[in-house]
Each structure stands twice: as C-alpha cells, then as structure tokens.
Amino acid sequence: MLNGLMMEQPLLISDIIRFAAEIHPESEVISASVEGGVHRYSYAESLARISQLAHALRAEGIGPGDRVATLAWNGYRHFELYYAISGIGAVCHTLNPRLFPEQLIYITHHAKDKILFSDLTFLPLIDKLRDKLPQGMRYVAMTDRAHMPGQPGDLLCYEDMIAGEPTTYDWPPFDERTAAGLCYTSGTTGEPKGALYTHRSSLLHSFYVILGNRTAFEPGKKVLPVVPLFHVNAWGLPYAAPLSGTSLVFPGAKLDGASLFDLMEAEKVYSSWGVPTVWQGLLAEMAKRGRAPAGLTEVIIGGSAAPPAMIEAFERDFGVDVTQGWGMTEMSPVGTCSRLMPKQMTLAPEQRWKFKQKQGRRLFGVELKIVDGNGRRLPHDGKAFGDLYVRGNTIISGYFENDKATREAMDAEGWFKTGDIATIDGDGYMTIVDRSKDLIKSGGEWISSIDIENSAMACPGVATCAVIGIAHPKWDERPLLIVVSKEGAGATKESILDFLRPKVAKWQMPDDVVFVDTLPLTATGKVSKKDLRAQFEDFRWPEA
C-alpha cells in the first residue's frame, strides 16, 4: 500500500467558528432571549465571546476530557458553550430538561459532570435536585447580573464569568478523535445510554447534513432550529449553519405556534427544523392567519414519522416544501433525507407526497441494511422488511461506559441495531414500517401501527392519535386506536372507523377507538407508547 503525502490536519470544532468569523462575518446568530427581547450578533462577534468563555472555563479548572453540563434552551449563550467547551478539549454534555428527575440524577452522576450551566427557567428544577446531584458540582446561571436570582449564594453568573477575559484564544490542536459532545438517549428502555461524539464525527456529520439539504445552507439565508440544542445537537445545525454561512435564529423557550410564527415572520426565516408535535402548533397558527410566515420556504421534519396529512397541509395549503429526515441519537443524529430525485420532481403533487412520506435515502457516510430474524440480509426491493442496521463514521461504536448495552446494540460485523423495522426500495428510499416493539402481531401477521396512524391523522376531527397492540384472546394482539379530537370537531368512533375502512385492510382495522385529552410524550417530543401501554394495560375488548 502506498500512503499519500498530505498534511495530517485534525478536524476540530473550533475551526468551524473560526472559519465562520473570518469568511462569513456578517451572518448572524439571532436569539429570542429568556430574559425577554431579541439578541443578535455576528459570527465574528460570537467568536470573541466564545474566546472569553474558554478562558473562563479554564479559570474554573475545566480541562481536557472534563464533562460540562448544560440545561438550556436554544439561545446564543448555549451556542457559545457548544464551541468554548469542545474548543478547550472538554466535553459538552447537553441535559434534556424533559427527562424525569431520576434520569437527570442518574445521567449527571454517570457522566461525572463537573459544572452545570443553566438558563433561568430551569433553576427551580436544579434547586429541587441539588442534594442528589454530584457533590462538588458548580452551578452557573446563564444570564447577566441584573437578572440573577437571590439564592443560592454559590450560584455563578455567566456574564460575570466572562467579563474582562481576553477576546482571543489560542485554540489548542489535538487528536480529532477526542470526545467533543455527550448526549444520552431518553431511556425508554432501561437507563439512559450515552453517545459520545468526537470532533471528527461532528465535523463529518455537518458536511453530510449540508450536502443532504443544500437548499437550506448558504449565506443570506436563515435557519431556525425548533429542535432543541439539548436534543442531539439540534440535528447538527449549530455546526452546519456557521460552516455554510447560514444565519441561525434561536427561538428560546417559546415554542408555541404563535411565537414561532411571529419570530419566523420578523426574521424572514427560510428553513426550520423540528418534530411533528411542534409543527402541529405552527400549522394551526398558519390556518388561523391564512398564510405561512413571510419567507418560510421549507420545513424539515424528523424525530418521528411525519403524518401524510401534515406534509400535504404544508405543501398544498401553504406552499411550504417538506423534507423528512430520520436518524437517532446514536447516529449524530441524521441518517437519511427524503429529498426527491429529478425523476420525481415532475410527478403530480399527490405522487410526490408519497415519496416524501418515506424516511428517505441515506446521507453520504451512512450505510443501511435490513436483515431477517436469523440475521440474513434482505433485498432492497421495497417489499421485504426486517430489522434495520446502520454503520458509518458518524455512528457510535459503543455506548459511553456501558459494555452491556454496547454488546446488545452491535452485531458481529460491527453494525448498529436501530430497533426499527424498515424496507428499502431499489432507488434507496428507506421507509420505517414501525419500531420493532410497536409492531402488532395479529393472527400470525404483522400490523404496522404507523400505517394506521398515518391514515387516521387525515380524518376530519382528529388532532393527533396513536395505535398500540392490546392482547386479544383469539388473535394474540389487535390494534387499539387512541385519539385526541380537535376542539369542537365532534369526531366519533363510528365516523373515524368509516373514514378508515376504504384506506385500511379489513384485518388491520382497529377493533376499537378510545378518546383521551392528551397523549403522553417522551423527552424528545415523540408519543410515548410505553406509557400508553401502561395506561391501557387493563383494557378489555368489548366482544371479548
């Protein structure tokens, strides 16, 4: 083998913000702040404050490998932490405030966090947990002196910490395989598990995200991540946007439809990224005002499958292009994208929407395979479905300090088991049939809960819904449809089932429909079928 003669320059996260400050100095970071009002500055100005924060972290004794926790909304100070922490060789550990207190306690101890930066919103939560969090951990309020709370006395002030520090920093070079970020799964099965990202994986993931969504990334455009910075690095946007010169618009704590609409309108946001539950609120606001926010051209939907009715509403009613993405915490997280091929662009809208309902084709750097119950590979013919495995240079090779979970997650060839059941067609479009634990086994045949949900979401009067399998004395399991009605719509069991009959095979039809006020959500905004199964564990079929 003949080695090439190229410089071994490491891929480092600090290089992103240095590049943005030099090449895209006029692109901005715009934030709806927790204290009120809108804060804005350029990437060049952000680098100066990031440098001050790096000096402040070193003054607090934070060094290479130390874990620094954040508990914060999407805002400019959280953005600064992303770069300052990893830039000095430490690890940015984002905490999800939507987790149960017991999970937050477990995670901070497992990660051995040394210091915790928090927005004002979450200080009451921290005060309740302080006695159970790691001893000796220091706490910083991400605000200025004027907004500091009176108690407790050992709480540090973010702006006081960085005040007076130099506005330049000699960013150290180190191995690109150095850990940069730590994100834990939401722990829907067992304790949360940590995905430990490297500088190399984060840089490569940014390149792949930009390549897979080229229309969103260029100077002069603005992207608004509704997906939180505490949810898998906001799908890579805090890295991809500065790298491409795209301005970032952070929504802060207000994620309701009206607040998002107003911010998008004021800033002429081009692209926005988030989970379906968020888009339901924005769509309702758009319907109320009769239009989309000025400038909004596309939305990226991920986190869970986008209902077909949602895709059609954005595109048909408001002219907003929809792209669906799929991935996992363990994948950095984006793995596929539903951008259309040229041959599909000329199709009628209804046909195009069918392709956009798929989770899409793989990004560069991500490989996909589906296997049967014996581990044998299945064909990519759009018909065979099996367990979905992935591998690539932005996908974990194991969980942080969790050998048992690692052994369970990786196959003999080093592929990661996603827990999804999927099909892949001849053009490379992957479709999630269901989570393996959410498939319904009825009379020896598998029923996809997602297929029924997608059909039911188009029913007039259905605001949102979920399908779970309930034990049945004859058929093993049968699907139960659980519905949240639109206010004043008057949906009934009979009207919903009548709507579904032409769309769902007879043997796949829900055997019953129940109505609830709300559906339980996971910490990442998905419907928690684990909680629904517990809620309806005593349900009995009327005919049984």
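Mentor: A crossing is called left-handed if the near helix is turned anticlockwise from the far one by less than a right angle, and right-handed if clockwise. Please bear in mind that this is a predicted model. Here α1 passes α2 in a left-handed crossing.

Trainee: Which residues of α1 and α2 make the contact?

Mentor: On the α1 side they are Ile17, Arg18, Ala20 and Ala21, and on the α2 side Tyr43, Ala44, Ser46, Leu47 and Ile50. By class, this contact has 7 nonpolar, 1 polar and 1 charged residues.

Trainee: What describes two packed helices in general?

Mentor: Two packed helices are described by the angle between their axes and the distance between the axes. In this model, the axes of α1 (residues 13-23) and α2 (residues 43-59) come within 7 Å and cross at roughly 140°. Angles over 145 degrees would count as roughly antiparallel. The helices α1 and α2 are therefore oblique to each other.

Trainee: Which residues have a positive phi although they are not glycine?

Mentor: Asparagine 233 and lysine 268 are examples, each with a positive phi of about 55°. Asparagine 233 is placed in the loop between β10 (222-225) and α8 (237-244). Lysine 268 belongs to the loop between α9 (257-267) and β12 (271-274).

Trainee: Is asparagine 233 buried or exposed, and how does lysine 268 count?

Mentor: Buried means under 20% relative accessible area. Asparagine 233 has 8% relative accessibility, so it counts as buried. Lysine 268, at 48%, counts as partly exposed.

Trainee: Where does the loop between β14 and β15 hold a proline, and what is its peptide bond?

Mentor: The residue is proline 333. The peptide bond to proline 333 from serine 332 is cis, with omega near 10°.

Trainee: What is histidine 109 in contact with, beyond its neighbours within four places in sequence?

Mentor: Its contacts of that kind are Lys132, Leu133 and Pro134. Histidine 109 is placed in helix α4 (residues 101-111) and, at 39% relative accessibility, counts as partly exposed.

Terms used. Residues numbered from 1 in each chain as written. Predicted model: local features only at pLDDT ≥ 70, side-chain atom pairs only at ≥ 80, totals over all residues. Heavy atoms only, no water. Helix = DSSP H or I, 4+ residues; strand = E, 2+ residues; numbered from the N terminus. Buried < 20%, exposed > 50% of the residue type's maximum accessible area, 1.4 Å probe, protein only. Contact = heavy atoms within 4.5 Å. Axes fitted to C-alpha atoms, helices over the stretch in contact; angles between N-to-C directions. Parallel < 35°, antiparallel > 145°, perpendicular 65-115°, else oblique. Nonpolar A, V, L, I, M, F, W, Y, C, P; charged D, E, K, R; others polar.
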